[in-house]
Amino acid sequence: VDVRLSAVDAEGKGTPVEWQGGALTLREPPIAGSADIADVRYVLDNGNQPGLQIRYRPEAHQRIHDGTAALVGQRAAISVDGRVLMVATVAGPFGESMLLSGLSSIAEAQALEKHITGR
């Protein structure tokens, strides 16, 4: 399973992907990848909507913090196996974990958790 947190490149340099019927370009290398993930869990967000809580390995925290700090005010994307699940503007740096919200259903969130974790 290939899970990536990537910066969206406004200049179109990088890897092209589809997103909501249009095209985006994601910078390489990603800020975080599958090897950086310690745990993934299905959760309900503050609005009671389905999501995934992605917790990163301690050795990746500083790199992810620095990578997202450099993107404040810019867009980043989360993708699984090349499928972009979410694009959001980075409001502030993070490193220990992130919440992937806005999934279409509880079933989708649970299926993604199982796909990513193999459990």
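Student: How many residues does helix 2 have, and how far does it reach?
Tutor: Helix 2 (residues 106-117) has 12 residues and reaches 16 Å from first C-alpha to last, close to the 16 Å expected at 1.5 Å a residue. The expected span is 1.5 Å times one less than the number of residues. Helices (H or I, at least four residues) and strands (E, at least two) are DSSP runs numbered from the N terminus. This is a predicted model, where local features need pLDDT of at least 70, side-chain atom pairs count only at pLDDT 80 or more, and totals for chains, interfaces and linings use all residues. Residues are numbered from 1 along each chain as its sequence is written, and side-chain values use heavy atoms, without hydrogens and water.

Student: Which residues of helix 2 are buried?
Tutor: Glu108, Ala109, Leu112 and Ile116 are buried (under 20% relative accessible area; exposed is over 50%, partly exposed in between, with a 1.4 Å probe and protein chains only). They cover an arc of only 100 degrees around the axis, so they lie on the same side of helix 2. The arc is that of the directions from the helix axis to the C-beta atoms.

Student: And what is exposed on the other side?
Tutor: Ala107 and Lys114.

Student: What follows helix 2?
Tutor: Gly118, with a positive phi near 75 degrees.

Student: New topic. Which strand gives the most to the lining of the largest cavity?
Tutor: Strand 1, with 3 residues. Strand 4 (32-33) and strand 6 are also among those that each supply at least two.
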